[in-house]
Amino acid sequence: NQLLITQKSGEIFLINTLNYSQTLIEHNIPLVQYGQGGLLDIISDGHNIWVTCSVEKNGKYTTAIYQSIFDKDKLTKTKLFYEALPYIKSPYHFGSRIEILDDYIYASIGERGGGMIAQDTTNSIGSIIRLHKDGTIPSDNPYQQNSEWLPELYQIGVRNPQGMSIDPVTKKIFISNHGPKGGDFIGPIISGSNYGWKEIAWGGTNYSGTKVGDGSAWKPGFLKPDFIWVPSIGVGGIKFYDGDAFPMWQNSLLVGSLKFQYLSILHRKNNTFVNEEIIFKDQIGRIRDIEVNKKGEIFLIADEIESHLYLLKP
């Protein structure tokens, strides 16, 4: 019956979905709104709250995670949980989504427009990281087998992952990754894997139309995405559907398109995505995020100057 909503400019609202009221939540997270950055994703586990955002140091910026305690109408005991290094001047590709699975925190870090930096395992730019909920490093992270990887790295070679959701069937976490001119994709988070950016672009090209690398959509040694869009749809938030309100969508994936302003469902057969069905288009704007309550009702937020929280019922 309650949702926490972030705004890029820094506000956090607690929304009561029964009486449609909203409360501004006090916090002291030191975020900055810069380019595509600002206050980004938020997730809760009991009274524990984690927030991803962009932060600044000496005129450069990065993606960071803060942990707080939710206490009535404020966040207290806020502390830095993680910061992606290095800080970079670029205003692009902060990511960032966060998900909890068992005792682990998974977070996506965009590659900040740096391209091949996503192949450099001495930093966490362009990666998925995994930490315990207390901030410690899991002993089975890939660095145990890959000594050149940072301890927090779990997966590398991503460009700008702006969606993340747990699959209720396989219990894997999937991401949506925003490609360049084409090459948006959906794929799983798999320990030690590499999606290949910027050696490959999953069928996309640079915005100028030139090839990425040698133009290959995939090469041996890299993880293949499960579903790819060419041209790009501007893929944003995703959410596996698990509910009774729309039984025909059970265990399929809801997808928000920023570029084409639609909500779609990726249907599955034998745990494989087989086709995309557009639910509606050009009705609420650029669909940024998706949530599903226990009834199976769907909440949507659009990335617009004058936006709303939308509720989709049967």
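Okay, let's start with a definition: a residue is buried when its relative accessible area is under 20%, exposed when that is over 50%, and partly exposed in between, using a 1.4 Å probe and protein chains only. With that in hand, take Asp102, which is exposed at a relative accessible area of 61%. Asp102 also has a positive phi of about 55° although it is not a glycine.

Before I go on, a word on the model. What you have up there is predicted, so local features need pLDDT of at least 70 and side-chain atom pairs count only at pLDDT 80 or more, while totals for chains, interfaces and linings use all residues. Residues are numbered from 1 along each chain as its sequence is written, and side-chain values use heavy atoms, with hydrogens and water left out.

If you want a box for the C-alpha atoms, think roughly 55 × 45 × 35 Å along the principal axes.

How much of the protein is buried? Of the 314 residues, 54%. The accessible surface comes to about 14000 Å², and carbon and sulfur atoms own 49% of that. Those areas are Shrake-Rupley with a 1.4 Å probe, and for residues only the protein chains shown count as cover.

On contacts, meaning heavy atoms within 4.5 Å: take those with a separation of 6 or more, and 51% of them are between residues 24 or more positions apart.

Charges next. We have 30 positive and 33 negative, and their mean positions are 3 Å apart. Lys and Arg are the positives, Asp and Glu the negatives, and His and the chain ends are not counted. Each charge is placed at NZ of Lys, CZ of Arg, CG of Asp or CD of Glu.

Leu85 and Pro86 are joined by a cis peptide bond, omega about 5°. Pro86 sits in the loop between β7 (74–83) and β8 (95–101). There's another cis bond from Trp197 to Lys198, again with omega near 5°. That puts us in the loop between β15 (193–194) and β16 (227–229), where Lys198 lies.

Back to positive phi. Asp102, the one I opened with, is in the loop between β8 and β9 (104–109). Lys72 has a positive phi too, about 60°, and is not a glycine either. You'll find Lys72 in the loop between β6 (60–71) and β7, exposed at a relative accessible area of 71%.

On to salt bridges. I'm calling it one when a side-chain nitrogen of Lys or Arg is within 4 Å of a carboxyl oxygen of Asp or Glu. How many salt bridges does that rule give? The count comes to 10.

Let me walk through some of them. Asp140 pairs with Arg130, the closest N and O atoms being 2.4 Å apart. The two are 10 residues apart, with Asp140 in the loop between β10 (127–132) and β11 (153–156) and Arg130 in strand β10 itself. Arg130 is buried at 3% relative accessible area, whereas Asp140 is partly exposed at 44%.

Then there's Glu291 with Lys239, at 3.3 Å between the closest N and O atoms. This pair links distant parts of the chain, 52 residues apart: Glu291 is in strand β21 (residues 287–292) and Lys239 in strand β17 (residues 235–240). Glu291 is partly exposed, at 32%.

Lys219 and Asp214 make a bridge as well, 3.6 Å from N to O. Lys219 is partly exposed at 24%, and Asp214 is partly exposed at 46%. And there's a network of salt bridges linking Asp41, Arg97 and Asp289.

Last stop, Thr17. Where is it? In the loop between β2 (12–16) and β3 (21–24). Thr17 is buried, with a relative accessible area of 16%. Leaving out residues up to four places away in sequence, Thr17 touches Asn1, Gln2, Leu3 and Phe299.

Technical notes. Helices (H or I, at least four residues) and strands (E, at least two) are DSSP runs, numbered from the N terminus.
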